[in-house]
Amino acid sequence: MLAETDYADGFSIELYVLESRVPYATIFQNQMKENLNIDVDIKVTEWGTLSTIASQGNAPMYIGGWSWYPDPYFFLNQTFHSSQIGSLGNGKGYSNPEVDALLDRALSETVVQEERAALYQEAIAIIMSEYARVELDNLHQTAAIRPNVKGFNVAVDPSIQIVSPNGTNVWLNN
């Protein structure tokens with residue numbers, strides 16, 4: 001597809017990353033050059049700079065990370081609802097009234113989970129047809145405990161909580 005555009009001979013683009021994401025960025029840089037003749041200039045910044053540049057839509061590309069709750073609201077609304085334009089999640093200014101309406105309905109209506117999931121799936125189908133995005137990886141979390149460990153619950157992010165928000169401690173039952 002690129003060969004059919006004005007960019008058939010490649011181009012240069014900046015990629016903003018945190019220091020911890022340089023290994024990902026370097027692999028991406030090498031693959032873009034080797035496969036598409038695209039020169040990726042890696043710009044290493046600290047978090048405040050990266051979030052400001054990205055939220056203002058001034059980062060042509062950036063590598064971030066997203067770890068949040070297992071509900072679609074926390075990712076889809078922050079990233080694709082037009083009310084979030086100018087925030088880090090929607091720094092590219094994605095706006096589609098139909099997507100907004102679907103996300104609003106999924107959030108506000110008292111629908112069964114299956115109906116809510118269908119609203120999110122419809123929104124995702126529209127987003128994917130309009131929005132370019134590359135996901136580098138998905139991290140799978142695994143936790144193993146012995147049968148005598150009590151009170152331990154697996155969190156949705158990679159954190160380990162020895163004392164839960166409700167005050168329950170993890171303990172050994174000998």
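Me: Which residues of α3 are buried, and what makes a residue buried?
Reply: The buried residues of α3 are Leu76, Asn77, Thr79 and Phe80. Buried means a relative accessible area under 20%, exposed means over 50%, and partly exposed lies in between, with a 1.4 Å probe and protein chains only. The model is predicted: local features need pLDDT of at least 70 and side-chain atom pairs count only at pLDDT 80 or more, while totals for chains, interfaces and linings use all residues. Residues are numbered from 1 along each chain as its sequence is written, and side-chain values use heavy atoms, with hydrogens and water left out.

Me: Why is Asn90 called buried?
Reply: Asn90 has a relative accessible area of 1%, and the limit is under 20%; therefore Asn90 counts as buried. Asn90 lies in the loop between α3 and α4, where helices are DSSP runs of H or I with at least four residues, strands are runs of E with at least two, and both are numbered from the N terminus.

Me: What do the buried residues of α3 pack against?
Reply: They pack against α4 and α5. In the contact of α3 with α4 (heavy atoms within 4.5 Å), Tyr73, Leu76, Asn77 and Phe80 of α3 meet Val99, Asp100, Leu103 and Leu107 of α4.

Me: Why is α3 called roughly antiparallel to α4?
Reply: The two helices pack at an angle of about 150 degrees, with their axes 11 Å apart. Axes are lines fitted to C-alpha atoms, for helices over the stretch in contact, and angles run from 0 to 180 degrees between N-to-C directions. Angles under 35 degrees count as roughly parallel, over 145 as roughly antiparallel, 65 to 115 as roughly perpendicular and the rest as oblique. The angle is therefore in the roughly antiparallel class.

Me: What makes the set that includes Leu76 and Phe80 a nonpolar core?
Reply: A nonpolar core is a set of buried Ala, Val, Leu, Ile, Met, Phe, Trp, Tyr and Cys residues joined through side-chain atoms within 4.5 Å. The largest such core has twelve residues, including Leu76, Phe80, Leu102 and Ile126. Helices α3 (73-80), α4 (97-108) and α5 (113-130) each supply at least two of its residues, and the largest share, five residues, comes from α5.
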